[in-house]
Structures are given as C-alpha cells and as structure tokens.
Amino acid sequence: MPTQEKQQNNQVAGDFKPYEISKGEEYMSEKMRAHFTKILGSWKLQLMQEVDRTMHHMKDEAANFPDPADRASQEEEFSLELRARDRERKLIKKIDKTLQLIEDEEYGWCESCGVEIGIRRLEARPTADLCIDCKTLAEIKEKQVGK
Ligand SMILES: [Zn+2]
C-alpha cells in the first residue's frame, strides 16, 4: 500500500499565483496573511457551494424512484454523498479556524515545535498547522495507534 498522506478532500480551490516574497520581507507579513486569507476564503466558498448543490440535487431526486431496488442503490449513493458532505463541513470548520489564526497573527508556525511551516507548504495545504517533520511524526504515531 502506498504510504502517501491520506486521501482527503483537500483540493485547494481556484487559481492563485504562488506568493512572491519580496526581498527582506518578514515571514507572515500583512501581505502574506492577506494572500492566505484570499486562498482560504475562495476555498471555503467553493466547498459551501458544493454542499449546497448536493443537498438540492438529493431533494430533487429523492422522490423519483418508485422501484425499491432503484431506491436502495440510490440510498447507498446518498449515504456516500452525505459522508463526503460531512467531510466538507469539517473542512469548512477547519478553514474557519485557520482564518481566525491568520487574524490573530498566529498563522504559519508549527503548532507543535514552533518553526515556520513555510509558504510553499501552506499554499499546498493552507490549513496545515504542523511543519512537515511534525506532521510526518504524527502520522507515524497515528498508524501505530490505529493498529
Ligand atoms: Zn514542527
């Protein structure tokens, strides 16, 4: 089995230009924070639209299958959808938490060891709250506990 980071619904929304750090610019300057606020904001919007869309779709379709077999497979499909939506809702919560961190100027540093998480890692995973080392360590521990 591949040991990649768990498959999550973690696709960051929209196109954004990778942040260009000006010479002498300090880490998590106001401009940098604005950059991430924007990324997180549009990501959240996209997730919310997705949740909305599915809910409408499910309401529209729910009444359309008189055959019990069809209904069963539809229910299965719905429950998969609901689980996906549940993940998205959790992600939205995490995005909100992250936006708050930015506001409090506490964003961008590893929660565990305090080093800078780094612009590039944050652009790939704007909700990351651990540096890559601590994240790797946490995943190893998680795997051990899981067994
Ligand atoms: Zn760390």
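## Close-up views of the Cys cluster and the nonpolar core

**View 1. Contacts of Cys 113.** Cys 113 touches Cys 131 and Cys 134, leaving out residues up to four places away in sequence; two residues are in contact if their C-beta atoms, placed from the backbone, lie within 7 Å. The model is predicted: local features need pLDDT of at least 70, side-chain atom pairs count only at pLDDT 80 or more, and totals for chains, interfaces and linings use all residues. Residues are numbered from 1 along each chain as its sequence is written. Cys 113 sits in the loop that joins helix 2 (68-103) to helix 3 (119-124). Helices (H or I, at least four residues) and strands (E, at least two) are DSSP runs, numbered from the N terminus. Cys 113 counts as exposed because it has 11 C-beta neighbours inside 10 Å. On this scale a residue is buried with 20 or more other C-beta atoms within 10 Å of its own, exposed with 12 or fewer, and partly exposed in between, with C-beta atoms placed from the backbone.

**View 2. The four annotated Cys residues.** In the unreviewed UniProt entry, "binding site" covers Cys 110, Cys 113, Cys 131 and Cys 134. They are spread over 25 residues of sequence yet cluster in space, with a largest C-alpha distance of 8.0 Å. UniProt positions follow the numbering used here, feature names are shortened, and annotations may be inferred rather than shown by experiment. Cys 134 belongs to helix 4 (residues 132-146). Leaving aside neighbours within four places in sequence, Cys 134 is in contact with Cys 110, Ser 112 and Cys 113. Cys 134 has 18 C-beta neighbours inside 10 Å and therefore counts as partly exposed.

**View 3. The annotated zinc finger spans.** The unreviewed UniProt entry gives "zinc finger region: dksA C4-type" for residues 110-134. The end C-alpha atoms of residues 110-134 are 8 Å apart, and the chain there is 36% helix and 0% strand. The entry also lists "domain: Zinc finger DksA/TraR C4-type" for residues 106-138. For residues 106-138 the end C-alpha atoms lie 21 Å apart, with 39% helix and 0% strand.

**View 4. Surroundings of Arg 121.** Arg 121 is part of helix 3. It counts as partly exposed because 16 C-beta neighbours lie inside 10 Å. Not counting residues up to four places away in sequence, Arg 121 touches Ala 128 and Ile 132. Gly 108 is 13 residues from Arg 121 along the chain, and their C-alpha atoms are separated by 9.7 Å.

**View 5. The largest nonpolar core.** This core has 13 residues, and those with the most contacts inside it are Phe 36, Leu 40, Trp 43, Ile 117, Leu 122 and Ala 128. Helix 1 (residues 30-62) gives the most to the core, with 5 residues. Domain 1 (28-107) and domain 2 (108-146) both contribute residues, so the core lies between them. A nonpolar core is a set of buried Ala, Val, Leu, Ile, Met, Phe, Trp, Tyr and Cys residues joined through C-beta atoms within 7 Å, and domain bounds come from an automatic or database domain assignment. Ala 128 touches Ile 117, Arg 121 and Leu 122, with residues up to four places away in sequence not counted.

**View 6. The whole protein, for orientation.** The protein has 4 helices and 0 strands, in the order α-α-α-α from the N terminus. Of its 147 residues, 14% are buried. Among contacts with a separation of 6 or more, 63% join residues 24 or more positions apart.
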